[in-house]
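Hello,

Here is the structure I promised to pass on to you. Have a look at it first, and my notes on what turned up follow below.

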Amino acid sequence: MVASRLNALLNACLPVVFAIFVMGFVWEVAVAFGEVPQYVLPSPSGIIAAAVQRFPQIADGLWITTFEALAGFAVGSVIGLALACLFLLVPPTRALLLPLVVALNNVPSIAFVPLALLWFGMGPASKIAIAALAVSFAVLLAALEGFSRTEDGQVNLLRSFGANRLAILWRLRLPAAMPSIITGLRIGLARSTIAVIVAEMLGAYKGIGQIVYRATAEMDSLTVWSAILVSSATSLALYGLLVLIDRRLVWWQ
Amino acid sequence: MKRHLPLAHPATALVMATCAWLVLVPLLGVPPRYLPSLGRVVADAISVWPELLNSFLRTLSEAVLGFLAGAALGIAFGVAFARSRVLERSVLPLFIALQSVPVIAFGAVVVIWFGNSLLSKVMIALYLSFFPVAVSTLRGLQAIDEKRVALFLSFGANRMQVFWRLALPTALPSIFTGLKLAVSLSLIGAIVGEWFGDTVGLGVMLLQALYFEQVERIWVLIVVCGLLGTLLYGLLAFIERKYVWWRPA
């Protein structure tokens, strides 16, 4: 059992590792033979060396960024789910608030970044707010879609057994909506990292976005690339974690 | 039958949001630092009208050009993935994972490469809109019933005919899902791309409004960005309703 799982994991990972390796090799060779100047495109080995050398500084920023993204993700998913449940349990709130949500959702969330900075300052609070905003819409809309997937017959059956709205929500609608909610969470996690980094570019004391923005202004391309490398690796790890959670949480699919 | 997400009509949403803004701000006494009254925001919009229009058109063209290029490239890659198993197994997981990478950070690099031109924003918008289209194209193409392909082949259809008459129509609803995701991402790419240095554009105006702490101007820009996003999304949804009315079986 364990061996076969490990085998499947290896089977899925090997081609990807191979592709990364090939890309890195082509990149390295192209930079070396094309004599590309460093500010245009540093070589992968140079970037890795720079990342190792600047690791304390980048890790410091990365820690802040990850914290802000995860906190925003948590706050946003709770708000999104709570709103979705509220809309379902108290239909008038849905009629009243959903148009507002739709209108706000059409605004690219990054347009709110200046506002968040003015309201919440340069610290982590403004980044968490922006991430929460971006995440809550994704989760809310996904949850509403998932809730609408339950069939009326099933609802009626539960109701005929005397289940109230809360019980129907907990025992039928929530499990049925889970795959859709998980998709929303996954989109939300990606959005929250991007939102946090973008917000940090406009104003922050610390963070990956701030490192990238400052290094761009200083034309320090090695730092830009090593920050990108480290943050990409982290998002990949987060993404993998979410895929794993997905398999654990939705075993009935 | 899959039920549609019963969303409110965009026009109703707009009217209701406007009403809420008009009524709630004076009623609750919201301080202008958070949300100025609609009248002041409109007045501010009128005072910068020519610049606003210029910026709107500039950001619009960046987003649209980037979206079109990204969509074309994404569909091409999606088709290639559907054709080649090796490519799909090695590169596709990278693509899916790359979607969660803060691609925005590459914006800095792109601007170093292409300079402060329209092209660099188009490239960022392209990069952002490319992934969802590629992935949704592949998903759509993979959903094709093998029996139908066999039926087509038994009637003597060649590969091109199978693609144009069966595969593409089956995949189109899924492709449109990706396109709708991509169009909002391309707008984000265009706006953020302008932050790395430019003189015209909604992103530039946002940055200036932040530096001068002009809350009214920020709200003007939020509304304009929202209108732009709605316009692009609405256009795509309209095309989808008109020309891709069938649903996947």
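Let me start with a stretch in chain B: residues 219–239 are 100% helix and 0% strand, with end C-alpha atoms 30 Å apart. Helices here are DSSP runs of H or I of at least four residues, strands are runs of E of at least two, and both are numbered from the N terminus. Please keep in mind that this is a predicted model, in which local features need pLDDT of at least 70 and side-chain atom pairs count only at pLDDT 80 or more, while totals for chains, interfaces and linings use all residues. Residues are numbered from 1 along each chain as its sequence is written, and chains are lettered from A and ligands numbered from 1 in the order in which they are written.

UniProt, in an unreviewed entry, marks that stretch as "transmembrane region", along with residues 7–28, 63–82, 94–116 and 122–141 of chain B. Its positions follow the numbering used here, feature names are shortened, and annotations may be inferred rather than shown by experiment. Residues 122–141 of chain B are also 100% helix and 0% strand, and their end C-alpha atoms are 28 Å apart.

As a whole, chain B has ten helices and zero strands. Its C-alpha atoms fill a box of roughly 70 × 45 × 30 Å along the principal axes.

Now to where the chains meet: 50 residues of chain B are in contact with 47 residues of chain A (C-beta atoms, placed from the backbone, within 7 Å). On the chain B side, the elements giving two or more residues are α1, α4, α5, α8, α9 and α10. Of these, α10(B) brings the largest share, nine residues. That side of chain B has 39 nonpolar, eight polar and three charged residues. Ala, Val, Leu, Ile, Met, Phe, Trp, Tyr, Cys and Pro count as nonpolar, Asp, Glu, Lys and Arg as charged, and the others, Gly among them, as polar.

Helices α5(A) (residues 113–120) and α8(A) (residues 165–202) pack at an angle of about 65°, with axes 10 Å apart. Axes are lines fitted to C-alpha atoms, for helices over the stretch in contact, and angles run from 0 to 180 degrees between N-to-C directions. The contact joins V113(A), P114(A), A116(A) and L117(A) of α5(A) to V198(A), A199(A) and L202(A) of α8(A). These residues divide into seven nonpolar, no polar and no charged.

Best wishes

Definitions and conventions: Two residues are in contact if their C-beta atoms, placed from the backbone, lie within 7 Å.
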